[in-house]
Amino acid sequence: MSILDSKIPEGPLADKWTNYKNKINLVNPANKRNIDVIVVGTGLAGGSAAATLAELGYNVKTFCYQDSPRRAHSIAAQGGINAAKNYQGDGDSDYRLFYDTVKGGDYRSREANVYRLAEVSGNIIDQCVAQGVPFAREYGGLLDNRSFGGVLVSRTFYAKGQTGQQLLLGAYSAMNRQINRGKIQAFNRHEMLDLVKIDGKARGIIARNLVTGEIERHSAHAVVLASGGYGNVFFLSTNAMGSNVMAAWRAHRRGAFFANPCYTQIHPTCIPVSGDHQSKLTLMSESLRNDGRIWVPKRKEDVEAIREGKLKPTQLSEEERDYYLERRYPAFGNLVPRDVASRAAKERCDAGFGVNKTGEAVYLDFASAIQRYGKEKALTSGIHNPSKEEITKMGEEVIESKYGNLFQMYEKIVDENPYKSPMMIYPAVHYTMGGLWVDYNLQTTIPGCYAAGEANFSDHGANRLGASALMQGLADGYFVLPYTIGDYLSQDIRTGKIPTDTPEFDQAEKEVKDRIEKLMAGSGEHSVDYYHKKLGKIMWNKCGMSRNEKELKEAIEEIAVLREDFWKNVKVPGTINSMNPELEKAGRVADFLELGELFAKDALNRNESCGGHFREESVEQSGEQKGEALRDDKNFKYVAAWEYKGEPKDAQLHKEDLVFENIELKTRSYK
Amino acid sequence: MNLTLKIWRQSDANSKGKLVDYKISGIEGDMSFLEMLDVLNEDLINKGEEPVVFDHDCREGICGACSLQINGEPHGPDRLITTCQLHMRKFNDGDTIYIEPFRAKAFPVVKDLMVDRSSFERIQQAGGYISVNTSGNTQDANAIPIRKEDADEAMDAATCIGCGACVAACKNASAMLFTSAKVSQFALLPQGQVEATERVLAMVNQMDEEGFGNCTNTGACEIECPKGISLENIARMNREYLKASMKG
């Protein structure tokens, strides 16, 4: 029997959340005023949780490393947010969203959590509209939808290519309202450096004021970690430069189990790497796959000619192109899920069909969409017999209205006009499905410590569907945590303020200070970035889109060696008691150097292919699915939750068996 | 390419700052401006000097963290982009580039090129929201139809990233474009009508308290805004303000 208790409520799937809410303990308004909650991270999950908890009456303190909550990396989400509204009448329902998410996650997520997510999804849209989020609308004034990968309905709501920005600004405005009321104290430019436990419960954090360097103690009755994902363990990713695993990892070191660290989403449509100076990668929204067609040339000689600049992609006829997603997956075509699209791109590039100098790029082509939209626009504008130029012009206008900001971003970065020549794209690290293990209440294995949004592991299994991250972040923050935390805090109405002058805070602060001293004491051989880039190379080459036993074992050893070298030889300039971005980075990279090893260990343990985790040893050998990922439900139908035991190599595995009562486990086919 | 950089160095808000010269070589056109600064910082760290501090995060033009006055222009010479999306191909071999922080009384320097924009936070806190509870008991989203044109225009105003380029571009260091973007977004939507009077008064009041200057319609903010926020928003805010003042 596992020590992990997922606390899934009894009853039929569709009634679980309602039954749960009817039975939980509540805290009366007068008592809420005596209870403090810390929220670390102010993205969609943290921002929405902070606003809602404050609105309920709790005293909330928020922490973010940015100079404003509005800059959390949720802001960069482009394409949209899913909700089972069925406004399009195309057969959508809570169950279908639930089903698509579990299937999309390759049957490695928890049914009850996912159903709850689907159930509250519609409410998110209502809430955001009430807040004044300017979603895209149709001419009749009602909300517009688009499609995303891995589904057959249109359930994605969007605000141009800036949906994350608009949703985050919505949550930020809700936060501002509470800041104005004095119910939220916002600690911006602050970083959580440790979690403080008293009698086994999370009771506060140690944070560093990034402007003054001061180490601060903050206490609370519960701590919510909404600190995002750990994609930056790869150095290059679509994450913001500052995105890091520190808050989650510090909690892990204090006893919170870390689940499925190897589940990483490699997003298929990003701008390819241009050189060694590259500091981050830029995503081109999945929404582009609604209209863009992905291809490489059929013939190697055309590939060569393109690489040498002797041939332009627009000169190749339809017959000379290999629309490989449409060829391999006729049912879903260009809208297969992200993991499938990424592996297919890698397969073509590894076979020598990559279209840029490095051989790591494929085309995303809008020419046929421009023609299709142009003809439609001409008709609706009453233009009969439009010329080719008129059609192209009108088509480009339609594309611009849909994806203008993305096209502009591409042009600025690559210096090529994507209206005239197809975009070049390649997969890049984008999102991490793994994270802190949480139960149905979103509580980690430390009582009083909760994890929300990308920081937890709960809803996306081994692969996240597009437009579902925003949905999950807001579901956790607006609609789930406010209930589940209340149930926990109902035990705390007589506790009173948690003092910070206790041995537990003394000890945690001392450990934090010692660690900072140690980072500053390195011999000064190499910069922090030197180590981060080295770690990233190991991760990308050996724990990336395709993994095998030999390389994973190598990765584990190499990371351990690199970590030792880092602690001896890292060079951190500046001082402790002032603004020092290199010191901030050093602390984050130190944690990545531990997480990276656990990541590889988890990937090695999971000798099956599922979702974004592809093991070369586990591939379909025959039949229609030949060459596709082969899941092993008999041996791996579980969540791998790792307990910290010192060095990452000593981490202890705990299994939460996943029970599927409402969905039949099948081979995930998008053919 | 080889470049000479003249960079503002200032150790904290209370110290005096100055421009310091740096020579840098091996810069490629495909590098972003911030990647060029990364190269400089790596050099400085290896030489045992303190790297240049600047704000940045998403590096894809949306978080609004990056700033920089480059050769006298917020976010540099290119239009409709932030500094992080500015690429070195916009410069030539041998160029001298001046890199300074955004300058305004309401944006004190934190260190080097990093400024404190918390004045923007307080403007938003004063009224940049619709007072609706996040209970999940709101009416169905499609119960409020909104003209597509209004929704689109509200969206255009809402794309403000809060970077502060408008303030840095303005000779009066006015925050009218920033403030009006939020006022406009809500003024254009039915959801924003209920609190329209209080909102515009509170936000404008806070803006004045923070020490931002007035608007004299030079339009520099609109030209330098990386998101193309239109001056029309300022006109709309003025109308809203007038309406509210008469009611109030």
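Figure 1. Ile70(B) has Ile99(B), a residue of β5(B), standing opposite it. The strands here are β3 (residues 69–70) of chain B and β5(B), which run antiparallel and are joined by two bridges; strands, like helices, are DSSP runs numbered from the N terminus, with at least two residues (E) for a strand and at least four (H or I) for a helix, and two strands pair if DSSP finds at least two bridges between them. Strand β5, covering residues 96–100 of chain B, also pairs with strand β1 (residues 3–9) of chain B, in the parallel sense and over four bridges. Within β5(B), Tyr98(B) is the bridge partner of Lys6(B).

The model is predicted, and local features need pLDDT of at least 70, side-chain atom pairs count only at pLDDT 80 or more, and totals for chains, interfaces and linings use all residues. Residues are numbered from 1 along each chain as its sequence is written, while chains are lettered from A and ligands numbered from 1 in the order in which they are written.

**Figure 2. The two assigned domains of chain B.** An automatic or database domain assignment gives chain B a domain 1 (3–111) and a domain 2 (117–134 + 142–247). Taken over C-alpha atoms, the centres of these two domains of chain B are separated by 28 Å. In domain 1 of chain B, 18 residues are in contact with 17 residues of domain 2 of chain B, where contact requires that the C-beta atoms of two residues, placed from the backbone, lie within 7 Å.

**Figure 3. The contact of chain A with chain B.** Chain A brings 67 residues to this contact and chain B brings 66 residues. Among the elements of chain A that give two or more residues to the side touching chain B are α3 (44–56), α5 (111–131) and α12 (388–414). The largest share of that side of chain A, nine residues, is supplied by α6(A).

**Figure 4. Two loop residues of chain A with positive phi.** Leu442(A), although not a glycine, has a positive phi of about 70°, and its place is in the loop between β16 (435–436) and β17 (449–451) of chain A. Leu442(A) counts as buried because it has 27 C-beta neighbours inside 10 Å, the cut-off for buried being 20 or more other C-beta atoms within 10 Å of a residue's own, against 12 or fewer for exposed and values in between for partly exposed, with C-beta atoms placed from the backbone. Ala467(A), likewise not a glycine, has a positive phi of about 70° and is found in the loop between β17 and α13 (469–489) of chain A. Ala467(A) is buried, since 27 other C-beta atoms lie within 10 Å.
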